[in-house]
Amino acid sequence: MKRWLRVIIISVFAVAAVSLVVIQFYQMRRTFSINDNMFNVGVNNAMDAVIKQLNGEVMQTATHRPSVFNYRELDSLIVEELLLNGIDIHPAVGLYDGSQRSFLYSSDAQMEERLEESPYRYSFHPIGIVSSNQLFIMLYFPSAELFLQRHSNMYAYMSWVLILVVAAMFFITLRAFANQRKLDMMKTEFINNMTHEIKTPISTIGLACEMLSDESVAQDSMSRASFIEIVNDENQRMRVLVETMLQSAKMSNKNFKLSPKEVDAHEIIHRVAASFRLTLANRGGHIDKHLNAEPPTLVADELHLTNMIYNLVDNGIKYSNGAPHIEISTLREGSRFVISVQDHGVGIAKEDQKHIFDKFYRVSTGNVHDVKGFGIGLNYVASVVRLHHAHIKVESEPGKGSTFTVTFTLR
């Protein structure tokens, strides 16, 4: 995807996400306001019913004295009417004499100051006429805000969940774009490295063939044999490189299966070590073999076992400063067959050890800048190990080399 298109998509998505957050915030405030209005309507309706009942009682008693009321029953009457109107709050109640500026009754003496300031004030006229005293029933709801919030929570939760989902999708989209960009970079690097890796043996083979076409070399049997050996070694190296790429692609298929048979692990190790003879000779390195497993037989896929060991040795040589020193060891303990490949190279940092088996991941080489590779060698090794139901462990320390240990369970 082109950069400008990614920028447009991210910008549109960001504007849409911010707009949604603003709309949801506005909607939450509007919902709270509606609930507040409904609360006020409910309180007013309840108090209308209460006052009607109280006026009816006054007319039956035929008295102008409000003191005939049982004030303590006023609370229960108000609470009952509030419940009928969907409000389950027990308010503080007071009967206020406006002329005397005093309370004839209050359910909570500590709340009288708040009652006097409360907007919930209802004029009360006994027997339906205006008396000389201005009587008011006053209400104060200490938990009204909690009540409104509780009734608005469902909408608030839905809004926040929706906002979180949008934010998560935005994050996932950004991450997908970042991963795609990273994948594009890895693909480009992979193609460059692959070209270099295949170009090197092709150039070497071409040079050897050119030398073999020289009559003086053709007449020298030792020189001719040496150049033929170079061609064979480089051809084997290129074959393994191509095979690694092809088999790595095949292994990504869930239906891929191995072709296990009884193989001689030591014979495979000898063949792999011989294929690096020219490379090690050019760099002054060597391979030490400590093959102690007896018997050396192992049930495995010969092709993939060979490529696995080749990649481990090749990896050790690549990441060695100066003359490479590789040690290949085998050990048989009970039902375990252990193959280990140790190098004395630059080593692997702790943070890199977590990712070395990831596809296309290449370890930072510090001062070594000429290390080439596909970034699929160790990923291929891990796949071979997994398909053999084996286990691989890496032990490494920067500057002291690395040891890869593969443990097979004998069947």
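Guide: Ser-329 stands opposite Ser-340 in strand 9. This pair belongs to a predicted model, in which local features need pLDDT of at least 70 and side-chain atom pairs count only at pLDDT 80 or more, while totals for chains, interfaces and linings use all residues. Residues are numbered from 1 along each chain as its sequence is written, and side-chain values use heavy atoms, with hydrogens and water left out.

Strand 8 (residues 325–333) and strand 9 are joined by eight bridges in the antiparallel sense. Strands here are DSSP runs of E with at least two residues, helices are runs of H or I with at least four, and both are numbered from the N terminus; two strands pair if DSSP finds at least two bridges between them. The two strands make a hairpin, with two residues between them. Gly-334, in the turn, has a positive phi of about 60°.

Strand 6 and strand 8 are paired in the parallel sense, over six bridges. Strands of a sheet pair through backbone hydrogen bonds, either parallel or antiparallel.

The whole sheet is open and has five strands in the order 6-8-9-11-10, with mixed pairing. At its edges are strand 6 (286–291) and strand 10 (391–397), each of which pairs on one side only. From one strand to the next, the twist averages 15°; axes are lines fitted to C-alpha atoms, for helices over the stretch in contact, and angles run from 0 to 180 degrees between N-to-C directions. Helix 9 (residues 302–318) packs on this sheet and touches strand 6, strand 8, strand 9 and strand 11, where contact means heavy atoms within 4.5 Å. The direction of helix 9 makes about 165° with that of strand 11.

A pocket is an open set of points on a 1 Å grid over the protein atoms alone, with protein on both sides within 12 Å along at least five of seven lines, and lining residues have an atom within 4 Å of a point. Grid points are joined across faces, edges and corners, and the volume is the space filled by probe spheres (1.4 Å) set on them. Its lining has 15 residues, and Val-299, Ala-300, His-388, Thr-409 and Arg-411 lie nearest the centre. The elements giving two or more residues to this lining are strand 7 (297–300) and strand 11 (401–409). Strand 7 gives the most, four residues.

As for confidence, pLDDT is the predictor's confidence in each residue, from 0 to 100. Strand 9 (residues 336–343) has the highest mean pLDDT among the elements of the chain, 95, whereas helix 5 (residues 215–219) has the lowest, 74. The chain as a whole has a mean of 80, and 85% of its residues reach 70 or more. Over residues 58–68 the pLDDT stays under 50. Where pLDDT is low, the predicted coordinates should not be read in detail.
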